[in-house]
Amino acid sequence: HSLSKQILNRNRGKKISLLDKKNFFKNLSKIGYPIRNLTKLKKDQFLNLITCAFQRRFRQELVNGKIDQECLIISQNLVKKIN
């Protein structure tokens with residue numbers, strides 16, 4: 001991604017809504033991450049692993065498996081670059 005670190009650091013740790021979480025996972029699907037329909041327990045664990053993988057690739061400074069505003073912004077920027 002080509003976003004400035006200042007913008008990203010300002011949005012790090014900010015909570016997002018449920019709709020934004022759904023948009024985040026839609027963005028990950030468009031980027032190429034596998035999003036599957038699993039049972040509730042396994043789905044939560046799987047989505048946490050996918051989030052960690054995304055953070056290891058695109059946000060190495062903080063890999064905690066939690067979706068925040070920074071992750072959402074990075075994923076939106078990547079989808080824009082693909083299209």
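**Note on the charged side chains**

1. At 2% relative accessibility, Glu70 counts as buried, a word that here stands for under 20% relative accessible area, with exposed meaning over 50% and partly exposed the range in between (1.4 Å probe, protein chains only). This is a predicted model, in which local features need pLDDT of at least 70 and side-chain atom pairs count only at pLDDT 80 or more, while totals for chains, interfaces and linings use all residues. Residues are numbered from 1 along each chain as its sequence is written, and side-chain values use heavy atoms, with hydrogens and water left out.

2. Across the whole structure, a search finds 5 salt bridges, each being a side-chain nitrogen of Lys or Arg within 4 Å of a carboxyl oxygen of Asp or Glu. In general, side chains of opposite charge can pair when their charged atoms come close.

3. One of these salt bridges joins Arg12 to Glu70, with the closest N and O atoms 2.8 Å apart. This pair links distant parts of the chain, since Arg12 lies in the loop between H1 and H2 and Glu70 in helix H4, 58 residues apart. Helices, here and below, are DSSP runs (H or I, at least four residues; strands are E, at least two), numbered from the N terminus.

4. Arg12 also forms a salt bridge with Glu61, where the closest N and O atoms are 3.5 Å apart. Here too distant parts of the chain are linked, with Glu61 in the loop between helix H3 (40–58) and helix H4 (69–82), and Arg12 in the loop between helix H1 (5–11) and helix H2 (18–31), 49 residues apart. Arg12 is partly exposed, at a relative accessible area of 28%, and Glu61 is partly exposed as well, at 48%.

5. Salt bridges that share partners bring Lys5, Arg12, Arg59, Glu61, Asp68 and Glu70 together in one network.

6. As for helix H2, Lys26 is found there, and this lysine is exposed, with a relative accessible area of 53%.
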